[in-house]
Protein chains: 2
Amino acid sequence: MPKTVTACVLLIGDEILSGRTRDSNLAYIANHLNKIGIQVREARVIPDVEETIVAVLNEVRARHDYVFTTGGIGPTHDDITADAVAKAFGVPIGHHPEAVKILGDHYKATGGEFTAARMRMARLPEGATMIENPLSKAPGFQIGNVFVMAGVPMVMQVMLDSLTGRLEGGATMQSRTVTGQIGEGTIAEKLGELQAKHPDVGIGSYPYYRGRSFGTSIVMRATDSTKLERVAAEVAALMRAFGVEPQTGDPA
Amino acid sequence: MPKTVTACVLLIGDEILSGRTRDSNLAYIANHLNKIGIQVREARVIPDVEETIVAVLNEVRARHDYVFTTGGIGPTHDDITADAVAKAFGVPIGHHPEAVKILGDHYKATGGEFTAARMRMARLPEGATMIENPLSKAPGFQIGNVFVMAGVPMVMQVMLDSLTGRLEGGATMQSRTVTGQIGEGTIAEKLGELQAKHPDVGIGSYPYYRGRSFGTSIVMRATDSTKLERVAAEVAALMRAFGVEPQTGDPA
């Protein structure tokens, strides 16, 4: 049986905690990792405060197979993630020759000035390897089981893509969704019995509202697709027993 | 000087960690609390696992003035937040007579069946007080400094509204945004100097991309509006020194 591989996502940035920016990276990362058999078990949003980043990172990197961070690797004074990660690992940080070259070439080609501030983006903790950024060139990096990525969604996404082949997944969590125009409270008791009968398939119940129509989506998750299909069929049958025609997938 | 009041937000739910649901509650709660002088300093996304909820809740409720949770208070087997919170506080949980009456009246009025599963939503930890839910009636609750709310955004929002007057804020964090079509790397060094000169105004730098146009939003945050205006003016002057006309607020 393939092993379970877990991850923690750290969203680093005052702008998420202040409510200025609504995060979209967590859902993207979770979906991406799911496909390759890595399960996000925990996520934290933390401020741009060095001691917090150091403490939280050291806590979660010991607990999970992988840690993915977003945010705080730009050129400005509030971009302190790389320094904090170096501190967490107890290693020095310095300019990475290849990163300096990539950025230097980029600014030469685009006519931008390669300022000291931009040069900051070529600093990596000792022992780190670059994560390629085909979009805006300034790299992310990997050190140990920690992957440090940009906060800007489209940059984060190309970095995640460039990690293809570097991440080792385990059992792939699959999911099925069965939706029906039925109240959660109506189906709840029978659904709880189904969950008790199938402990290795996670059954989640999510109510939805669409104007005057409402209903419930039942989401089943498991690594074993045969068991998953069996439980999905039982949930569909359960809805029919209540006189509701189930549909596959999320509410239309 | 008004004191600083801090909060932690706990987003409870497998569906957020799996990537199925993109959370919108954190940004809403943070903005709401900001207005009444409560600063969100930390947020965590955790699964529907009792021992995790108990451990994390006990950790964060000791560290912050307030904790706000979302998710896991519906009628189904995966709604375990109320039980976990009772366990964290070391108190029993049982049917709350007023909550039972509210829900009973609701289902009588709407013609729904008041099932045992729906009755579960009237269970509150001993010593908890209800948080009113004008929308779908099933209440949230407060125990100690912990406020337990629904995960469905519109239900969470009416619960948060119904807390008006029950939360005691401190210094109100205010913010100003100055935006210009200038690269972060261009302005970074001078901006760092400004931050060093004004340590009690937080200065954040956020690049944006709009098709072919790009630029940077500088967000300043402080409890003292006089200082805030002064720094905003200096940032605007800094952009003009680079030949860029600043605008107030986020990029158009």
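## A walk through the two-chain model

H2(A) passes H7(A) in a right-handed crossing, meaning that the near helix is turned clockwise from the far one by less than a right angle. Before going on, note that this is a predicted model, in which local features need pLDDT of at least 70, side-chain atom pairs count only at pLDDT 80 or more, and totals for chains, interfaces and linings use all residues. Residues are numbered from 1 along each chain as its sequence is written, while chains are lettered from A and ligands numbered from 1 in the order in which they are written.

Let's stay with that helix pair. The axes of H2 (residues 25-35) and H7 (residues 153-162) of chain A come within 11 Å and cross at roughly 15°; axes are lines fitted to C-alpha atoms, for helices over the stretch in contact, with angles running from 0 to 180 degrees between N-to-C directions. H2(A) and H7(A) are therefore roughly parallel, a label for angles under 35 degrees. Asn25(A), Tyr28(A), Ile29(A) and His32(A) of H2(A) make the contact with Pro153(A), Met156(A), Gln157(A) and Leu160(A) of H7(A), where contact means C-beta atoms, placed from the backbone, within 7 Å.

Now step back to the chain as a whole. Chain A has nine helices and twelve strands, which are DSSP runs (helices H or I, at least four residues; strands E, at least two) numbered from the N terminus. Buried residues make up 51% of its 252 residues; a buried residue has 20 or more other C-beta atoms within 10 Å of its own, with C-beta atoms placed from the backbone.

E9(A) (residues 174-180) runs antiparallel to E11(A) and is joined to it by seven bridges; strands pair if DSSP finds at least two bridges between them. Here Arg176(A) stands opposite Met220(A). E10(A) (residues 202-210) is also antiparallel to E11(A), through nine bridges, and Tyr209(A) has Phe214(A) as its bridge partner. E10(A) and E11(A) form a hairpin with two residues between them, and Gly211(A) in the turn has a positive phi of about 60°.

Finally, look across to chain B. Here 50 residues of chain B are in contact with 50 residues of chain A. H8(B) gives the most to the chain B side, with eight residues. Strand pairing also links the chains: three bridges join E2(A) (residues 38-46) to E2(B), and these strands run antiparallel. In this pairing, Arg44(A) stands opposite Arg44(B).

Conventions:
Angles under 35 degrees count as roughly parallel, over 145 as roughly antiparallel, 65 to 115 as roughly perpendicular and the rest as oblique. Two residues are in contact if their C-beta atoms, placed from the backbone, lie within 7 Å. A residue is buried if 20 or more other C-beta atoms lie within 10 Å of its own, exposed if 12 or fewer, and partly exposed in between; C-beta atoms are placed from the backbone.
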